[in-house]
Amino acid sequence: GGLHSTESNRAVFSDDDFVLVDADVASQYPSIILLLGLYPDALGAHFLAAYGSIKTDRLRAKKRAKAIKGEREALQSADPADDAVRKAVLALDQELLECQVIDKSGKLSLNGVYGKLGSRYSALYAPHLMISVTLTGQLALLMLIERAERAGIPVVSGNTDGVLFRCPRDLYAGLKKDRLNPSPLEAICSQWEKDTTFDLEFGEYTKVFSQSVNSYFAIKPDGGHKRKGPLGNPWNKDPSDFDPVRGQL
């Protein structure tokens, strides 16, 4: 289904000289389908309009969910005991849940279409399109990896739509939310975004413990964490894990 590195039972760390920076492409395979204008013969070109609207709705909801979290924190820091503040927070919580449902279900719908391109039991069956999407994604990501490696920035993991850099600290200037501050790493990634029309989202880790490329436990600088694969647990009440929408799905 895409590019996968082969790490197994491995730990990598940020230290005084290097920092772990994660870069993920937003909706990579759906973006490729729309960018190249690929559609199954059984559905016709109008498929692209419907598919594009799902992507637009999903990304809008994802962006709004991030904004809501910031608004919520600002309200609570003002006066969490105030009745008006409590009502506003509850309203934001409801809107956040709605956005999360659109985001998570939209992600499943968009990526499910890619998977069904390879299913002979689906009306979406079009294996030649599946190969086109997969190879385009792989080659685009390898282009980013090649540019980083040539600049002296090692890539220690690659997984379908993202890479993990172990970047020298003098080539990195931190993050502003999920975007890189101006730096040599930022210049490489920004140029790649312009060349491919993809959008990258970034995160920083202090440690990553991997069973495999699809099963890992990553520690964030603020003490939070990310768990993926069999290690994940969306029902855990820890804020780094708890995801009621994913749990219900």
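Which residue in S9 is the bridge partner of Val208? In this predicted model, the partner of Val208 is Ala218.

## Sheet architecture

The strands S1, S8, S9 and S10 make up an open sheet of four strands, in the order S1-S8-S9-S10, and their pairing is antiparallel. Strand S1 (10–13) and strand S10 (225–228) stand at the edges; each has a single partner strand, so one side of each lacks a neighbour in the sheet. From one strand to the next, the twist averages 10°.

In general, the strands of a sheet pair through backbone hydrogen bonds, in either a parallel or an antiparallel sense.

## Pairing of S1 with S8

Strand S8 comprises residues 207–212 and pairs with S1 in the antiparallel sense, over four bridges. Within this pairing, Phe13 has Lys207 of S8 as its bridge partner.

Strand S9 covers residues 215–219 and runs antiparallel to S8, to which five bridges join it.

Tyr216 has Lys228, in S10, as its bridge partner.

S9 and S10 also form a hairpin, with five residues between the two strands. In the turn of this hairpin, Gly223 has a positive phi of about 95°.

Technical notes
Residues are numbered from 1 along each chain as its sequence is written. This is a predicted model: local features need pLDDT of at least 70, side-chain atom pairs count only at pLDDT 80 or more; totals for chains, interfaces and linings use all residues. Side-chain values use heavy atoms; hydrogens and water are left out. Two strands pair if DSSP finds at least two bridges between them. Axes are lines fitted to C-alpha atoms, for helices over the stretch in contact, and angles run from 0 to 180 degrees between N-to-C directions.
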